[in-house]
Amino acid sequence: MITRWVYRTVDARLGTTSVARTALAKVFPDQWTFMFGEIALYSFLALVLTGVYLTLFFDPTSAQTVYDGAYQPLSGSTVSGAYASAVALSYDVRAGLLIRQAHHWAALLFVGAIVLHLLRIFVTGAFRKPREINWVIGVTMLTLALLNGFTGYSMPDDLLSGTGLRIIYSVVLSVPVVGAWLAQLAFGGEFPSDATLPRLFVTHVLIVPAVFAALISAHLAIIIRQKHTQFPGPGRRERNVVGSRLWPAYTVRTLSLAAGVFAVVFALGGLVQINPVWIYGPFSPAKATSPAQPDWYVAWGDGALRLFPAVEFHVFGHLVPSPFLPAVGVGTVTFLVLYAWPWLDRWRTGDRASRHLLQPPRQRPGRIAVAAWAVTFFAVLLVAAVDDIIARLFAIPVTGILRTLQVLVLTLPFVVAAVAYTVARALRGGTARSVGELTAEELRGGLTASPGPVELGDDDPVALDQLITLWRNPDDTWRWRWTGPDDEKLASNEAYLSRDEAVAAASVAFVGVPIDQTEPPPDVVLPPPTGHGRAARVAAGAAWVAMAIVAWRRSRKDRP
């Protein structure tokens, strides 16, 4: 009763009923890769909730204090307030260790989900007009996620985080002309400075989260205004969205995903140890940890520092120190390319129209090759960041590992990109639904760029309204079914001995309609193949034998 009265009162003043009806009727595409963005959103919520709890107990100061908590090996030691509060959170605060580790795992999941989300957008062309602004927002959120992740695990003032801060301080100093000023602004003086931890804390809990909240709000508002993208298919056009309504289907799905994300985050926080600062010990400028690896999302920078040669040069009389190119140059070029990619792609393809339908990745082999190159390049850098661990585990000289990785970082990305490009062209030119179904002929077609059937996702309007579905029967014969603009369906009345025969027949029956391979549809009754298969051949042979017997008996009766 009270709830209904409150709702009517608010609706009478703000007219919320029409807005709520419109919002609840919004349609979301049914595609699992779209969930990466939601995983990032729910990971951010987990970060906010756990971060608020941690903020109540963390002391972001380098002022010295005597630790007298439950961790006996450190009892009576003089450490910084930040380190003492981090250890107290792990041993003295109720549920403190669970929340600390869940917060750390949520950060790793958050960055990973953003990376996968951007990768999905990249390979499907979802950054094209009119979604360039949302692409820029997404790249900016990735940049801020890297920054906030680094500031977060640098605040406990343990030996590992202090070693990382020492490296970053040197990297900032390597920036020509403005490096010293930037280091002074970020660290509050020469490292180690008493002003560093308070500045990291303000950045981590106030500045970056506020910007994140604004960017996420803008990102969601643009999605609502522009509607969701979707893959091409029957009934899916540039002006509509096919999928599930927000209420109730999509709401149940997204809330289930949220529960799953929180369950995974807190399960990892309770069961899998991460960042045990009490083992590393407090930071001391005269000490360094070995091995010392940062979290995976910034480890590529550490790997680049290990692989790149120590090259210094002068530009207009200004020294460019050796850390600049691997630590600053690689990241700067990467993010500049990411920011500019929608316009680079438009310049390359000449496509200036507004697009709401996605491109299946196989339709743009060049884009797939670029993504494969970048993923492989940064994967090699990630491996280089743990070269000392590999050397110790396998008793291999670290210099040999470095030489091998230096060769791989220059060659392996191009090899993987070439393979990805060839496979994408083979998929585009053939009828295989997945890589595992590619034949040798289709792979050779990928090398020679031989033309193939019209593929799902072409800009031809026919491809958006009609579709031929191809599948293999349990007896290894093939059939197809045509689906029309108004969901009309017409199945072939004949089974074919090979996929090529089925493709040829379907292409003749419906010229220019895209062909997609799938499993047998559940609503199709599979008739026995006409004239094909072992059973058919046996039946035909038996019929011929029966006819021969009948003819022989009749010939005997006709004899005088």
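Begin the tour by selecting threonine 151, which lies in helix H6 of this predicted model. With a relative accessibility of 4%, threonine 151 counts as buried, because the cut-off for that word is under 20%. If you leave aside residues up to four places away in sequence, the residues that threonine 151 touches are Leu200, Thr203 and His204.

Before moving on, show the whole protein chain, in which you can look for 20 helices and 10 strands. Of its 560 residues, 45% count as buried. Among the contacts between residues at least 6 apart in sequence, 71% join residues that are at least 24 apart.

**Helix H10 and its surroundings**

Now select residues 246-271, which form helix H10, a run of 26 residues. From its first C-alpha to its last, H10 reaches 35 Å, close to the 38 Å expected at 1.5 Å a residue. Colour Tyr250, Thr251, Thr254, Ala258, Val261, Val265 and Gly269, and you will have marked residues of H10 that are buried. As you look along the helix, keep in mind that an α-helix has 3.6 residues a turn, so residues three or four places apart point the same way. What covers these buried residues of H10? The cover includes strand E1 (27-29), helix H3 (35-55), helix H5 (96-124) and strand E4 (243-245).

Two packed helices are described by the angle between their axes and the distance between the axes. The axes of H3 and H10 come within 9 Å and cross at roughly 50°, which means that H3 is oblique to H10. In this crossing, H3 passes H10 in a right-handed way. On the H3 side, select Met35, Glu38, Ile39, Tyr42, Ser43, Leu45, Ala46, Leu49 and Thr50, which make the contact with Tyr250, Arg253, Thr254, Leu257, Ala258, Val261, Phe262 and Phe266 of H10. Sorted by class, the residues of this contact divide into 12 nonpolar, three polar and two charged.

**Helices H12 and H13**

For a second pair, select helix H12 (residues 296-307) together with helix H13 (residues 324-349), whose axes lie 8 Å apart and pack at an angle of about 130°. H12 and H13 are therefore oblique to each other, and H12 passes H13 in a right-handed crossing. Show the side chains of Trp300, Ala304 and Leu305 in H12, and then Pro326, Ala327, Val330 and Gly331 in H13, because these are the residues that make the contact, with heavy atoms within 4.5 Å. By class, this contact of H12 with H13 has six nonpolar residues, one polar residue and no charged residues.

**Loops and their backbone**

The next stops are in loops, where the backbone deserves a careful look. Most residues other than glycine have a negative phi, and most peptide bonds are trans.

Select lysine 129 and proline 130, which are joined by a cis peptide bond with an omega of about 15°. Proline 130 is placed in the loop between H5 and helix H6 (132-154), the helix in which threonine 151 lies.

Next, go to aspartate 157, which is found in the loop between H6 and helix H7 (159-173). Although aspartate 157 is not a glycine, its phi is positive, at about 65°. Is aspartate 157 buried or exposed? With a relative accessible area of 15%, aspartate 157 is buried.

Then select phenylalanine 316, in the loop between strand E5 (313-315) and strand E6 (318-320). Phenylalanine 316 also has a positive phi, near 50°, in a residue other than glycine. Its relative accessible area is 81%, so phenylalanine 316 is exposed.

**Last stop**

End the tour at alanine 180, which lies in helix H8. With a relative accessible area of 51%, alanine 180 is exposed, because the cut-off for that word is over 50%.

Notes. Residues are numbered from 1 along each chain as its sequence is written. This is a predicted model: local features need pLDDT of at least 70, side-chain atom pairs count only at pLDDT 80 or more; totals for chains, interfaces and linings use all residues. Side-chain values use heavy atoms; hydrogens and water are left out. Axes are lines fitted to C-alpha atoms, for helices over the stretch in contact, and angles run from 0 to 180 degrees between N-to-C directions. Helices (H or I, at least four residues) and strands (E, at least two) are DSSP runs, numbered from the N terminus. Angles under 35 degrees count as roughly parallel, over 145 as roughly antiparallel, 65 to 115 as roughly perpendicular and the rest as oblique. A crossing is left-handed if the near helix is turned anticlockwise from the far one by less than a right angle, and right-handed if clockwise. Ala, Val, Leu, Ile, Met, Phe, Trp, Tyr, Cys and Pro count as nonpolar, Asp, Glu, Lys and Arg as charged, and the others, Gly among them, as polar. The expected span of a helix is 1.5 Å times one less than its number of residues. Buried means under 20% relative accessible area, exposed over 50%, partly exposed in between (1.4 Å probe, protein chains only).
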